[in-house]
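Have the structure open as you read.

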Amino acid sequence: MQVALGVGQEGVRVAQSVPGHESTPFDGWVAARGPALLRLAYTLTGNAADAEDVVQEALARALPRWERISRMDNVDAYVRRMVVNAHTSWWRRFRRREAPVEQVRDSAVTPAGLPSDERAGLWQACQRLPEAQRTAIVLRYYEQLEYAEIAELTGVREGSVRSRVSRGLSALREVMGDGDD
């Protein structure tokens with residue numbers, strides 16, 4: 001059985017079975033949770049192409065182990081951790097080859113309620129954060145995970161997660177000009 005990501009509504013990549021292969025519970029789970037994994041990966045990587053690569057890598061690793069993974073108490077958390085780990089591996093492998101651009105072209109994931117110029121500024125500020133801080137902030141405020149869950153996902157102590165989130169938020173407030181009014 002093989003799974004490929006294809007383009008669905010609004011340009012979001014969704015899981016599709018490759019013709020000629022049986023549908024399994026894995027296919028259904030990917031169809032339901034794939035878009036959320038892509039959004040998480042997008043916020044971690046900064047662009048859609050890299051996000052698709054990270055999710056595809058995580059799902060490719062999950063598929064052979066799916067029988068065991070699907071019996072876990074929290075499958076979503078386990079696969080989210082796989083996405084975070086795949087992103088970390090990807091980032092380490094390609095960080096020297098990455099060429100930053102001045103403007104982010106893809107705005108598929110944007111904070112609601114902010115004017116577009118503020119969104120662009122916030123996005124650029126997030127991209128300048130150190131990897132560990134950006135990951136902690138994305139998991140805390142985008143995925144709305146608790147500090148203990150983030151610590152478990154990232155493999156660091158809860159105090160380190162709190163510190164990363166606090167320092168990241170301070171850096172974002174400084175860049176965005178939001179002082180303690």
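## Ground rules

When two axes meet, angles under 35 degrees count as roughly parallel, over 145 as roughly antiparallel, 65 to 115 as roughly perpendicular and the rest as oblique. This is a predicted model: local features need pLDDT of at least 70, and side-chain atom pairs count only at pLDDT 80 or more, while totals for chains, interfaces and linings use all residues. Residues are numbered from 1 along each chain as its sequence is written, and side-chain values use heavy atoms, with hydrogens and water left out.

## α6 against α8

Helix α6 (residues 131–142) packs on helix α8 (residues 158–176) at about 95°, with the axes 8 Å apart. The two are therefore roughly perpendicular. Contact here means heavy atoms within 4.5 Å; among the residues making it are Ala136 and Ile137 of α6 and Val161 and Leu172 of α8.

## α7 against α8

Now take helix α7 (residues 147–154): its axis and that of α8 come within 8 Å and cross at roughly 105°. That makes α7 roughly perpendicular to α8. Residues in this contact include Tyr147 and Ile150 of α7 and Val165 of α8.

## The nonpolar core

A nonpolar core is a set of buried Ala, Val, Leu, Ile, Met, Phe, Trp, Tyr and Cys residues joined through side-chain atoms within 4.5 Å, where buried means under 20% relative accessible area (1.4 Å probe, protein chains only). The largest one has 41 residues, and Trp29, Leu59 and Val79 have the most contacts inside it. Helix α1 gives the most to this core, with nine residues.

What does Val79 touch, leaving aside its neighbours within four places in sequence? Val79 is in contact with Trp29, Leu37, Leu59, Trp66 and Ile69.

Note on methods. Axes are lines fitted to C-alpha atoms, for helices over the stretch in contact, and angles run from 0 to 180 degrees between N-to-C directions. Helices (H or I, at least four residues) and strands (E, at least two) are DSSP runs, numbered from the N terminus. Buried means under 20% relative accessible area, exposed over 50%, partly exposed in between (1.4 Å probe, protein chains only).
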